[in-house]
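Take a first walk through this protein. Start with one residue, then widen the view.

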Amino acid sequence: MEQGIKLEPIGNGKNIYVSAHHAFGTDAVLLADFCKIKQNTRFIDIGTGCGIISFLIKRDYEKATGVGVDISGEAIILANRTVTDGGFDNLSFIESDIKDLKGKVDFGSFDLVISNPPYKAENAGIKSKDDTVKTARHETACTLNDIVLLSAKLLKTSGKLCMCHRPERLA
């Protein structure tokens, strides 16, 4: 296996590829469980990273269909490798800026939008010197408002948005 890439178990005999830049934490696991979907749900995971949320949902809801989107090519390579090696079907991953999704996914067709977005506003907190980490943790490539507006376009009329965010950002 390449330097810095490893397999992480996610239960039920399933594993996903992660790297130093694209791993997962408790928030992602809790968010995947929080979604509580139906078997045939069509979902999109915005800012998917290594795809952990999508893979946990597919582990538990085999008939669900999902798309993961991330701006990082490295993240999408990991996620697609997990799809290929891990036997996940009806799950795809797209490298794209969320502001450039028109024509790449069908707007108005998703039952669920999931996002574990950057928690810190662009001008808040200490920023990492590593661009990948900075993009994942700070609103440099997308804002909370961008995610909410995009979700409105992606969702069916009765669809829902599930996300994990810091309570101090509610105001």
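Where is Tyr17 found? Tyr17 sits in strand 2, residues 14–18. Helices (H or I, at least four residues) and strands (E, at least two) are DSSP runs, numbered from the N terminus.

A word on the basis of what follows. This is a predicted model, where local features need pLDDT of at least 70, side-chain atom pairs count only at pLDDT 80 or more, and totals for chains, interfaces and linings use all residues. Residues are numbered from 1 along each chain as its sequence is written, and side-chain values use heavy atoms, with hydrogens and water left out.

Is Tyr17 buried or exposed? Tyr17 counts as buried, because its relative accessibility is 6%. Buried means under 20% relative accessible area, exposed means over 50%, and partly exposed lies in between (1.4 Å probe, protein chains only). The side chain of Tyr17 also makes a polar contact with the side chain of Asp85, at 2.7 Å. A polar contact is a pair of N or O atoms within 3.5 Å; within protein, one must be able to donate a hydrogen and the other to accept it, and residues adjacent in sequence count only if both atoms are side-chain atoms. Now look along the chain to Ile52. Tyr17 and Ile52 are 35 residues apart in sequence, yet 9.2 Å separates their C-alpha atoms in space.

Next comes a loop. Gly51 lies between strand 3 and helix 2. Gly51 has 0% relative accessibility, so it counts as buried. From Gly51 to Val69 is 18 residues in sequence and 8.8 Å in space, C-alpha to C-alpha.

Thr48 belongs to the loop between strand 3 (42–46) and helix 2 (52–60). Thr48 is buried, because its relative accessible area is 5%. Which residues does Thr48 touch, not counting those up to four places away in sequence? They are Ser54, Gly68, Val69, Asp70, Ile76 and Phe93. Contact here means heavy atoms within 4.5 Å.

Now turn to charged pairs. How many salt bridges does a search of the whole structure find? The search finds 8. A salt bridge is a side-chain nitrogen of Lys or Arg within 4 Å of a carboxyl oxygen of Asp or Glu.

Lys6 pairs with Glu8, with the closest N and O atoms 3.2 Å apart. Lys6 is partly exposed, at 46% relative accessibility. Glu8 is partly exposed at 23%.

Arg59 forms a salt bridge with Asp60, and here the closest N and O atoms are 2.8 Å apart. Arg59 has a relative accessible area of 22%, so it is partly exposed. Asp60 is partly exposed too, at 39%.

Lys156 forms a salt bridge with Asp111, the closest N and O atoms being 3.1 Å apart. This pair links distant parts of the chain: Lys156 is in strand 7 (residues 155–163), Asp111 is in strand 6 (residues 110–115), and they are 45 residues apart. Lys156 is partly exposed at 35%, and Asp111 is partly exposed at 25%.

Finally, step back. The protein has 5 helices and 7 strands. From the N terminus on, they run β-β-α-β-α-β-α-β-β-α-α-β. Of the 171 residues, 41% are buried. Among contacts between residues at least 6 apart in sequence, 68% join residues at least 24 apart. The accessible surface comes to about 9200 Å², and 51% of it belongs to carbon and sulfur atoms. Accessible areas come from the Shrake-Rupley method with a 1.4 Å probe; for residues, only the protein chains shown count as cover.
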